[in-house]
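Me: I would like to go through this chain with you before setting anything up. Could we take it topic by topic?

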Amino acid sequence: MERDSRRLGFDSARPAEAVREDLCDHLARWQATEFTDNASVVVSELVSNAVRHGRPPVRVACTLRRRSRGRPALRIEVTDAGPSFDTTLVRARWRHPSFTLEESGRGLFLVDALASRWGDEPASGGHTVWAVLDPPDG
């Protein structure tokens, strides 16, 4: 299995935009542009959540895994110094009837729809929210 990893640029003045541009540049260099649309949404949502709900510093990384057989996978990780959270409770909230009335909280819902899997892991001095994307069908 071949792996390309990269820590992405982060600009506190325009965090989601800066990280999204850097990610798209790396996907182009890695000849993996099939991930661009979904990865742009996912990284924007994860970074926005980290900036809004987490604590600095915020770090972003991505890894492209190319399997000798099968399809590649892109893993996006956003780490911040805030506390970890229970993804089961987040998913349960989506099933509650009042969720349709919420004005915020749909970012992870989008991540869930676009990623093959995602989660939250405690990390040294904070936590990491990660998402794995498969290339889109077609």
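Me: Among the contacts with a separation of 6 or more, what share comes from residues 24 or more positions apart?
Reply: In this predicted model, such pairs account for 61% of the contacts in the chain with a separation of 6 or more.

Me: And how many helices and strands are there?
Reply: The chain has four helices and five strands. Read from the N terminus, the order of elements is β-α-α-β-β-α-α-β-β.

Me: How much of the chain counts as buried?
Reply: The figure is 40% of the 138 residues.

Me: Let us turn to H1 and H2. At what angle do they pack?
Reply: Helix H1, residues 15–29, packs against H2 at an angle of about 145°. Their axes are 9 Å apart, and the crossing is right-handed.

Me: Which residues meet there?
Reply: H1 contributes Pro15, Ala16, Val19, Arg20, Leu23, Cys24 and Leu27. On the side of H2 they meet Thr36, Ala39, Ser40, Val43, Ser44, Val47, Ser48 and Val51. By type, the residues of this contact of H1 with H2 divide into 10 nonpolar, four polar and one charged.

Me: Thr36 is in that list. Where does it sit, and what does its side chain reach?
Reply: Thr36 belongs to helix H2, which spans residues 36–53. Its side chain reaches back to the backbone oxygen of Thr33, at 3.0 Å. If residues up to four places away in sequence are not counted, Thr36 touches Cys24 and Leu27, both of which are among the H1 residues that meet H2.

Me: Is Gln31 buried or exposed?
Reply: Gln31 has a relative accessible area of 68%, over the 50% cut-off, and therefore counts as exposed.

Me: Which residues does the cis peptide bond join?
Reply: That bond lies between Pro56 and Pro57, with omega about 0°. Pro57 is placed in the loop between H2 and S2.

Me: Moving on to Arg71. Where is it in the chain?
Reply: Arg71 is in the loop that links strand S2, 59–66, to strand S3, 73–80.

Me: What is Arg71 in contact with, neighbours in sequence aside?
Reply: Leaving aside residues within four places in sequence, Arg71 contacts Asp134, Pro135 and Asp137. Arg71 and Pro135 are 64 residues apart along the chain, and their C-alpha atoms are separated by 7.3 Å.

Me: Which atoms does the Arg71 side chain reach, and at what distances?
Reply: The side chain of Arg71 reaches the backbone oxygen of Pro135 at 2.4 Å. It also makes a polar contact of 3.1 Å with the side chain of Asp137.

Me: Last topic, helix H4. Which of its residues are buried?
Reply: In H4, residues 107–114, the buried ones are Gly107, Leu108 and Val111. They cover an arc of only 90° around the axis, so they lie on the same side of H4.

Me: Why would residues three or four places apart point the same way?
Reply: An α-helix has 3.6 residues a turn, so residues at that spacing point the same way.

Methods
Residues are numbered from 1 along each chain as its sequence is written. This is a predicted model: local features need pLDDT of at least 70, side-chain atom pairs count only at pLDDT 80 or more; totals for chains, interfaces and linings use all residues. Side-chain values use heavy atoms; hydrogens and water are left out. Helices (H or I, at least four residues) and strands (E, at least two) are DSSP runs, numbered from the N terminus. A polar contact is a pair of N or O atoms within 3.5 Å; within protein, one must be able to donate a hydrogen and the other to accept it, and residues adjacent in sequence count only if both atoms are side-chain atoms. Contact means heavy atoms within 4.5 Å. Buried means under 20% relative accessible area, exposed over 50%, partly exposed in between (1.4 Å probe, protein chains only). The arc is that of the directions from the helix axis to the C-beta atoms. Axes are lines fitted to C-alpha atoms, for helices over the stretch in contact, and angles run from 0 to 180 degrees between N-to-C directions. A crossing is left-handed if the near helix is turned anticlockwise from the far one by less than a right angle, and right-handed if clockwise. Ala, Val, Leu, Ile, Met, Phe, Trp, Tyr, Cys and Pro count as nonpolar, Asp, Glu, Lys and Arg as charged, and the others, Gly among them, as polar.
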